[in-house]
Amino acid sequence: MNLRIPFNRVSWITSTFLIGTFLMSISIVPYHIWHNGVDAFQICLFLFYYFATGFSITLGYHRLFSHLAFKAKWPVKLFTLLFGAAAFENAALDWVSDHRRHHKHVDEEDDPYDISKGFFHAHIGWLLFKLKPKPPMDNVADLRKDKLIMWQYKWCHYIGVFVGFILPYILGYFYGGHQAALSAFLLSGILRVVVVQQGTFCINSLCHYMGRQPYSASCSARDSGIMALVTFGEGYHNYHHEFQHDYRNGVKAWQFDPTKWIIWVLSKFGLTSGLRRVADEKILLAEINETRRKIDASLIEYANKDSSAYQEIINKSIEQLKLLKQKFDENYSQLEAAINEKINVSKETTMQWKHDVNNAMDHLTVLKNSGFTLQPIT
Ligand SMILES: [Zn+2]
Ligand SMILES: [Zn+2]
């Protein structure tokens, strides 16, 4: 095997930190737990740090600072800047600059974590190797006016080391001396950093790799309920790329989006405000548009296919899809006109259209699976 590592492009400090903490969490950390065990204090401290640093990235760095999806009072900002630094994903200003560039140039050369350069690059490679000089941070002028953000930008690594590693050590020491301090450092410091970082990295890699595209297939972003579970609700990435200023990523009632729930709860205490939501009709419009595109693509693909035993089922779905397509074409212009003229669409109509979209998706699934999972007609 010929592994060619571009050593002249390695980001040595970042690589040493990422690989070092990862190796420690699969060697020293399990060894330490095996010999010393963990008690309730260590588990609670780990969970506190996991949620505090994880939500600081999704709620603070991402939805608040990158997308301005809501406004927040200074305690929320301060908390997310302190614990965001402890996630060791760089200062908020750097993170936001990269992320805004990701949205603007998604899947293109200037996308920092461009999935078209491969899964490894999008996940972690872009941090380990610098493929080109860092672009100027010319897309965060608004954040430069914020004193708290600029304070964190200046002291980010010191804050990160203190809040992320030294503080758990001190808390552990007061709880149970040197042994507990070491456990807290390894679990709530090292292991927690790795787990939170891998969750964030998955948004850049897996969320552009696996899942559904209900709102648009114009970019690689995908919705995945499984990814939402490990990313504090950020797994509905197809929606997010289509409507990036919405404070929600999971917009359906059944979708798991704890970041959205926390923002909403904080708004009830006056700590957040101005929560931005895309109107239901606009979301439905995007779904109808994408479903129409999928129907067109499927009808072309299956136009001349003869799948013998499955033909009856396929023909039935094709007929239904043709009818639905006709209906969508009419609905689309109706809905578009209603949104443009700011006319409220009745709940019954919206429900019917949503039902039609789901119905079309079922038939598209039948076509997709025909010949693979359907049983022959007897
Ligand atoms: Zn993305
Ligand atoms: Zn985003």
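Predicted model: local features only at pLDDT ≥ 70, side-chain atom pairs only at ≥ 80, totals over all residues.

Reader: What ring does F46 form an aromatic pair with?

Author: One moment, the wider count comes before the pair. Searching the whole structure gives 23 aromatic pairs. In one of them F46 is stacked with Y50, with 6.2 Å centre to centre and 5° between the planes.

Reader: How far apart are F46 and Y50 in helix α3?

Author: Four residues, so about one helical turn separates them. Y50 is buried as well, with a relative accessible area of 16%.

Reader: And F48 with F83, how are those rings arranged?

Author: Edge-to-face, because the planes stand at 90°. The ring centres are 5.7 Å apart.

Reader: Which helices does that pair link?

Author: F48 sits in helix α3 and F83 in helix α4, residues 74–85. They are 35 residues apart, so the pair links distant parts of the chain.

Reader: Which rings are in the cluster with F46?

Author: Ring pairs join F46, Y50, F51, F55 and F232 into a cluster.

Reader: Where does α3 bend?

Author: At S56, by about 30°.

Reader: How many of its residues are buried?

Author: 20 of the 27, so α3 is largely enclosed by the rest of the structure.

Reader: What follows α3?

Author: L68, with a positive phi near 50°. L68 lies in the loop between α3 and β1, residues 71–72. Its relative accessible area is 40%, so L68 is partly exposed.

Reader: Where is D107?

Author: In the loop between α5 (92–104) and α6 (119–128). D107 is partly exposed, with a relative accessible area of 24%.

Reader: Now the metals. Which residues are the protein donors of the zinc ion, ligand 2?

Author: H62, H67, H99, H103 and H240, each through NE2. They lie 2.0 to 2.2 Å from the zinc ion.

Reader: What spacing do they follow along the chain?

Author: H-x4-H-x31-H-x3-H-x136-H for ligand 2.

Reader: H62 and H67, buried or exposed?

Author: H62 and H67 are both buried.

Reader: And the zinc ion that is ligand 1? Which donors?

Author: H102, H208, H237 and H241, again by their NE2 atoms. Those lie 2.0 to 2.2 Å from that zinc ion. The spacing in sequence is H-x105-H-x28-H-x3-H.

Reader: What arrangement do the four donor atoms make around ligand 1?

Author: Irregular, because they subtend angles of 96 to 157°. To count as tetrahedral, all angles would have to lie between 85 and 135 degrees.

Reader: What ideal angle goes with four tetrahedral donors?

Author: 109.5 degrees.

Reader: Which helix holds H237 and H241?

Author: Both are in helix α10, residues 237–242. They sit four residues apart, about one turn of the helix.

Reader: Buried or exposed, H237 and H241?

Author: H237 is buried, with a relative accessible area of 1%. H241 is buried too, at 12%.

Reader: Last, zoom out. How many helices and strands in the protein?

Author: There are 14 helices and two strands. The C-alpha trace spans about 70 × 55 × 45 Å along its principal axes.

Reader: What percentage of the residues is buried?

Author: 50% of the 378 residues. As for contacts with a separation of 6 or more, 72% are between residues 24 or more positions apart.

Notes
Residues numbered from 1 in each chain as written. Chains lettered and ligands numbered in written order. Heavy atoms only, no water. Bend = angle between axes of the 7 residues up to and from the residue. Buried < 20%, exposed > 50% of the residue type's maximum accessible area, 1.4 Å probe, protein only. Donors = N, O, S within 2.8 Å, 3.2 Å for Na, K, Ca; no water. Phe/Tyr/Trp six-rings, centres within 6.5 Å; stacked < 30°, edge-to-face > 60°. Tetrahedral: all angles 85-135°; square planar, octahedral: opposite > 155°, others 65-115°. Contact = heavy atoms within 4.5 Å.
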